[in-house]
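Open the model in a viewer and keep the selection panel at hand.

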Amino acid sequence: MLVADRYRLDVAIGRGGMGEVWRGHDQVLGRPVAVKLMLAADSDPEAAARFRLEAQTAARLHHPQVVTVFDFGAWQDRFFLVMELVEGHSLAQELETLGPLPVDRVAAVAAQTAAGLAAAHRQGVIHRDIKPGNLIRGADDGVKIADFGIARFADDSSAALTGVGQIVGTSLYLAPERALGSAAGPGSDVYALGCVLYQLLVGEPPFQSDHAAAVLHQHVAAAPAPPSWRCPRLPGAFEEYLLRMLAKRPEERPAAQEVADWFATAVWQGAAAASVPAEAPASSAYAMPRTAAPAPTVYALPKTPAPAAGSRRAPAASGRRRSAKPGRQEGGDNLHLRVRALMRRHKVITIAVAGAVALVVSTLLSMAAIGPGN
Ligand SMILES: Nc1ncnc2c1ncn2[C@@H]1O[C@H](COP(=O)(O)OP(=O)(O)O)[C@@H](O)[C@H]1O
Ligand SMILES: [Mg+2]
């Protein structure tokens with residue numbers, strides 16, 4: 001089969017929500033390509049224009065961690081997208097066959113994917129559909145991001161709520177602000193990447209349910225269970241950073257470039273800087289995988305431990321512990337201390353009482369002086 005008189009389709013590589021992908025060959029330039037055949041071109045009169053715009057935007061991106069777009073157009077009432085062929089497999093396939101990845105490999109995926117995202121964000125392009133199926137591991141073991149820009153074309157957030165099956169796949173990585181109807185921003189991609197990293201570490205994304213609406217609700221309202229519960233070897237620093245990527249508010253998440261830089265060094269191997277709960281809390285504040293009923297409150301993990309309410313005291317010297325019964329030691333016995341405190345608080349009364357006492361004493365003295373003995 002020859003698409004647009006130029007691209008020969010050889011073998012179907014995969015099928016996703018938006019169409020099917022073929023391994024093909026560009027007859028004009030004589031090189032292997034991947035061809036994605038998408039939705040019917042006439043399904044929406046505005047779709048063609050939108051698709052063209054998105055494909056043009058995606059085609060401007062050139063980065064080693066981004067699948068390059070070569071061409072796009074309409075053919076036999078379908079849109080097609082021609083892109084760089086990545087000889088390899090998606091991380092969705094890798095998860096399916098191998099299960100969770102070793103922590104260092106997840107860190108490498110984080111660094112590479114975030115670098116690709118950062119390059120796109122610098123050009124004002126948001127991916128909108130970061131998920132394991134769109135991260136393809138090539139023969140060199142590096143990861144490339146596929147499907148840049150076309151998620152908007154498929155209008156995933158609105159279609160997601162109506163398409164059966166599609167929503168469950170899409171919603172697993174959907175940022176809270178998008179679940180609430182706001183437009184996707186760079187932070188939405190970072191959140192989605194956080195969900196993917198979480199899944200690569202523990203085998204499941206942070207929030208799951210058979211009901212798409214319940215997943216959306218969890219993105220908005222439930223705190224993810226710390227991944228170290230399921231992945232005990234996860235360094236504290238990695239976990240802490242990952243939970244920041246999953247912050248409910250986009251402005252609290254690190255930017256993609258920061259993520260790329262952070263994971264490119266060995267800092268992720270360290271201990272946590274701030275406190276991340278290491279044990280399961282007594283309450284149901286965390287969404288455990290497969291929880292159908294999400295927790296109703298919005299939770300934010302504290303960046304630093306909150307000081308005890310009302311505590312202004314300097315911390316007690318190490319090794320010295322305060323008595324468990326401070327009342328018996330500090331209060332009750334020292335009456336004069338309490339009187340002094342009272343005196344400090346009621347200076348006027350104290351001065352009046354002292355004046356009265358002085359008056360009585362001087363009267364008594366003068367009476368003694370003019371007494372019968374004189
Ligand atoms: N440029 C590409 N090179 C190689 N394989 C690809 C390419 N793009 C997509 N694929 C493969 O085709 C599969 C289907 O892609 P797609 O239709 O985008 O669905 P999804 O992203 O939902 O998995 C992907 O999971 C991936 O394995
Ligand atoms: Mg895809």
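Two residues are in contact if their C-beta atoms, placed from the backbone, lie within 7 Å. This is a predicted model, in which local features need pLDDT of at least 70, side-chain atom pairs count only at pLDDT 80 or more, and totals for chains, interfaces and linings use all residues. Residues are numbered from 1 along each chain as its sequence is written, while chains are lettered from A and ligands numbered from 1 in the order in which they are written.

Colour by secondary structure to see 14 helices and 11 strands (DSSP runs numbered from the N terminus: helices H or I, at least four residues; strands E, at least two). Of the 374 residues, 37% count as buried (20 or more other C-beta atoms within 10 Å of the residue's own, all placed from the backbone).

Next, select residues 69-75, strand S5, which runs antiparallel to S6 and is joined to it by 6 bridges. Ala74 stands opposite Phe79 in S6. The hairpin has 2 residues between the strands, and Gln76 takes a positive phi near 45 degrees.

Now select H3 (103-122) and H11 (256-264), whose axes are 7 Å apart at an angle of about 150 degrees. The two helices are therefore roughly antiparallel (over 145 degrees). Show side chains: Ala107, Leu117 and His121 are among the H3 residues that meet H11, whose side includes Gln257 and Phe263. The contact residues divide into 12 nonpolar, 2 polar and no charged.

Methods:
Axes are lines fitted to C-alpha atoms, for helices over the stretch in contact, and angles run from 0 to 180 degrees between N-to-C directions. Angles under 35 degrees count as roughly parallel, over 145 as roughly antiparallel, 65 to 115 as roughly perpendicular and the rest as oblique. Ala, Val, Leu, Ile, Met, Phe, Trp, Tyr, Cys and Pro count as nonpolar, Asp, Glu, Lys and Arg as charged, and the others, Gly among them, as polar. Two strands pair if DSSP finds at least two bridges between them. A residue is buried if 20 or more other C-beta atoms lie within 10 Å of its own, exposed if 12 or fewer, and partly exposed in between; C-beta atoms are placed from the backbone.
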